[in-house]
Amino acid sequence: MSTSVHSAPSPAPTTPHILDNAAWAALTGPHAHLAERVGGAARYPTDVSPFAALDDPADPRSWADLAELVGPGTLTPVTAVQTVPAGWTIEQSGDGVQLTATALRSEPAPEAVRLGPDDVPEILDLIALTRPGPFLPRTVELGTYLGIREDGRLIALAGERLRPPGWTEISAVCTLPGHRGRGLATRLVRAVAAGITERGDTPFLHAAADNTNAIRLYESIGFTLRRRTRFVLVRTPGGPQAARETRVAAAQPEEKA
């Protein structure tokens with residue numbers, strides 16, 4: 001009697017989830033009309049959002065495309081990146097979490113008003129006081145932004161940011177100090193989510209990993225931690241610093257054997 005031994009089949013490679021590189025999926029999907037792109041690198045206009053993204057962060061060609069896109073010696077935030085190639089520097093980094101809506105009850109908020117370009121100065125004032133994350137003069141073009149006013153003053157805000165196919169990020173969730181503890185942020189998150197789910201998308205969001213109060217709130221209303229994230233602020237090669245280093249090196253006496 002003979003026996004034969006067969007190797008176990010290799011496990012199928014895991015397909016990356018679209019939210020693993022959400023900014024790239026948005027910039028090459030529903031937000032493509034806003035994208036500035038060179039090959040495997042894309043970014044939003046600098047008055048819309050600061051974020052840039054790479055098709056493949058492990059591919060040096062994508063980094064070369066990003067350098068061409070933003071220019072030498074330039075600071076730019078990049079998502080879905082762990083390391084950078086030689087010549088690049090990480091100026092800042094931050095750990096975050098990504099949560100998806102798994103049991104969120106979405107519902108309109110009758111008191112919420114739709115915000116637009118005319119509301120931007122007031123939005124920027126609220127953002128400056130509450131610091132929920134970057135918000136620029138044209139960020140409102142990314143999606144729907146809702147606010148709650150009291151005595152005419154904007155006191156709470158939430159809206160849509162990244163929009164990968166099938167998903168929409170809820171962002172800029174903030175409440176003016178002195179008006180917290182009333183559930184305004186929760187009502188706005190539910191209202192923004194209602195518009196997202198109505199068009200067939202699933203809400204998700206990001207938070208700083210050390211913002212435990214916000215994470216606890218999101219989990220209590222039906223969001224589930226999906227993964228941990230990292231955001232980096234990188235500087236492209238070249239620029240004035242590189243030029244100065246080149247001049248200093250050129251001024252050094254040559255070593256002789």
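The protein chain folds into six helices and eleven strands, where helices (H or I, at least four residues) and strands (E, at least two) are DSSP runs numbered from the N terminus. This is a predicted model, so local features need pLDDT of at least 70 and side-chain atom pairs count only at pLDDT 80 or more, while totals for chains, interfaces and linings use all residues. Residues are numbered from 1 along each chain as its sequence is written, and side-chain values use heavy atoms, with hydrogens and water left out.

Of the 257 residues in the protein chain, 42% are buried; buried here means under 20% relative accessible area, exposed means over 50%, and partly exposed is in between (1.4 Å probe, protein chains only). As for contacts (heavy atoms within 4.5 Å), take those in the protein chain with a separation of 6 or more: 71% of them are between residues 24 or more positions apart.

Now for the aromatics. There are five aromatic pairs in the structure. Rings of Phe, Tyr and Trp (its six-membered ring) pair if their centres lie within 6.5 Å, and planes under 30 degrees apart count as stacked, over 60 as edge-to-face and the rest as tilted. Trp63 and Trp88 make an edge-to-face pair, because their ring centres are 4.8 Å apart and their planes sit at 70°. Trp63 belongs to helix 2 (residues 60-70) and Trp88 to the loop between strand 4 (75-79) and strand 5 (89-101), so this pair ties together parts that are 25 residues apart in sequence. Trp63 is buried at 2% relative accessible area, and Trp88 is buried too, at 9%. Another of the pairs joins Phe135 and Tyr145; with centres 5.4 Å apart and planes at 85°, it is also edge-to-face. Phe135 comes from the loop between helix 3 (120-130) and strand 7 (145-150), and Tyr145 from strand 7, ten residues apart. Phe135 has a relative accessible area of 8%, so it counts as buried, and Tyr145 is buried at 0%.

Next, have a look at helix 4 (residues 184-198). Among the buried ones are Leu184, Leu188, Val189, Arg190 and Ile196. Their cover includes strand 7, strand 8 (153-160), strand 9 (167-175), strand 10 (202-208), helix 5 (212-220) and strand 11 (223-235). Just past the end of helix 4, Gly200 takes a positive phi of about 95°.

Two single residues are worth a stop. Leu126 sits in helix 3 and is buried at 2% relative accessibility. Beyond its neighbours within four places in sequence, Leu126 touches Leu154, Ile155, Ala156, Leu157, Cys174 and Leu176. With Leu157, the C-alpha to C-alpha distance is 8.3 Å, across 31 residues of sequence. Thr100, in strand 5, is buried at 10%. Setting aside neighbours within four places in sequence, the contacts of Thr100 include Leu19, Trp167, Phe204, Phe223 and Arg226.

That leaves the pockets. On a 1 Å grid over the protein atoms alone, a pocket is an open set of points where a 1.4 Å probe fits, with protein on both sides within 12 Å along at least five of seven lines, and lining residues have an atom within 4 Å of a point. Grid points are joined across faces, edges and corners, and a volume is the space filled by probe spheres set on the points. The largest pocket holds about 1300 Å³. Its lining has 45 residues, and Arg131, Pro132, Gly133, Ala208 and Asn211 are the closest to its centre. Strand 9 gives the largest share of that lining, seven residues, and helix 4 is one of the elements that supply at least two. By class, the lining of the largest pocket has 23 nonpolar, 16 polar and six charged residues; Ala, Val, Leu, Ile, Met, Phe, Trp, Tyr, Cys and Pro count as nonpolar, Asp, Glu, Lys and Arg as charged, and the others, Gly among them, as polar.

The second largest pocket has a volume of about 160 Å³. Among its 19 lining residues, Thr79, Ala80, Arg227, Thr229 and Phe231 lie nearest its centre. Helix 1 (22-27) and strand 11 are the elements giving two or more residues to this lining, and strand 11 gives the most, with four.
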